[in-house]
Amino acid sequence: MDLRIVKTKKVIREAFLSLRQNYPLEKVKVTDICHIALINKSTFYKYYTDVYALSEELEKEVFQNFWDNFVEKDSLIFDPRRFFKGLQNSIQTNLDALFPLYRDRIYYFFNKLEEKLKGYYTHYAANEEEEIKLSFLIIGTLHTFQNFKNKKEFKPEIVEESIAHIIENMFCVKRKLLPEENKPKKK
């Protein structure tokens, strides 16, 4: 790619992110980005159709980086406590990139995470019933985590422990979702 294009897109992105630090996405205007990036509107529109397209491109990149660093994503069913620690670590590690894009739209982040986890765990569901249970497990876990995690009246550890306990008690779901080679050996 041409170095001029790389530099131009970089200044556009930086200007956008600086505005997103202080303004919701709906308030960020192309003219403001152009003013900060020292470019004209036609240059902006050469690369992006609008502010939302720019935001979506950045969100995809940042989310993919988050996902790639979230190595504990495979432990939701088998070790939910490890899953939560990994989720928090990955969010914390990527906070500088995640915050400007999702600060006022956290539900978008969790919706993307929900869809990614559903796709990731799909191979554990052998039929429609198991797929429904798996979907319930993922959606319930993420929404409960999101809704209670930052409420002052709930301690974060209690939220995580409660969700982990519920997942562990869904033994019949857990048992059915385990591939044969991963099922615990009977003693």
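This is a predicted model: local features need pLDDT of at least 70, side-chain atom pairs count only at pLDDT 80 or more; totals for chains, interfaces and linings use all residues.

Q: Are Phe109 and Phe110 buried or exposed?
A: Both Phe109 and Phe110 are buried. For Phe110 the relative accessible area is 7%.

Q: And what sort of aromatic pair do Phe110 and Phe145 form?
A: A tilted one, 6.4 Å centre to centre with 50° between the planes. Phe110 belongs to helix 7 and Phe145 to helix 8, so this pair ties together parts 35 residues apart in sequence. Phe145 is buried too, at 4% relative accessible area.

Q: Nice. Which residues form the aromatic cluster?
A: There are several, among them Phe63, Trp67, Tyr102, Phe109, Phe110 and Phe145.

Q: What lies over the face of Trp67?
A: That's Lys73, at 4.7 Å from the ring centre. Likewise, Arg105 lies over the face of Tyr108, at 3.9 Å from the ring centre.

Q: Switching to helices: at what angle do helix 1 and helix 4 pack?
A: About 95°, with the axes 11 Å apart, so the two helices are roughly perpendicular to each other. Residues in the contact include Ile12, Phe16 and Leu17 of helix 1 and Leu54, Leu58 and Glu61 of helix 4. By class, that contact has six nonpolar, one polar and four charged residues.

Q: How about helix 1 and helix 6, where do they meet?
A: Phe16, Leu17 and Arg20 of helix 1 meet Pro100, Leu101 and Tyr102 of helix 6. Here the classes are five nonpolar, no polar and one charged.

Technical notes. Residues are numbered from 1 along each chain as its sequence is written. Side-chain values use heavy atoms; hydrogens and water are left out. Contact means heavy atoms within 4.5 Å. Helices (H or I, at least four residues) and strands (E, at least two) are DSSP runs, numbered from the N terminus. Ala, Val, Leu, Ile, Met, Phe, Trp, Tyr, Cys and Pro count as nonpolar, Asp, Glu, Lys and Arg as charged, and the others, Gly among them, as polar. Axes are lines fitted to C-alpha atoms, for helices over the stretch in contact, and angles run from 0 to 180 degrees between N-to-C directions. Angles under 35 degrees count as roughly parallel, over 145 as roughly antiparallel, 65 to 115 as roughly perpendicular and the rest as oblique. Buried means under 20% relative accessible area, exposed over 50%, partly exposed in between (1.4 Å probe, protein chains only). Rings of Phe, Tyr and Trp (its six-membered ring) pair if their centres lie within 6.5 Å; planes under 30 degrees apart count as stacked, over 60 as edge-to-face and the rest as tilted. A charge sits over a ring if NZ of Lys or CZ of Arg is within 6 Å of the ring centre and within 35 degrees of the ring normal.
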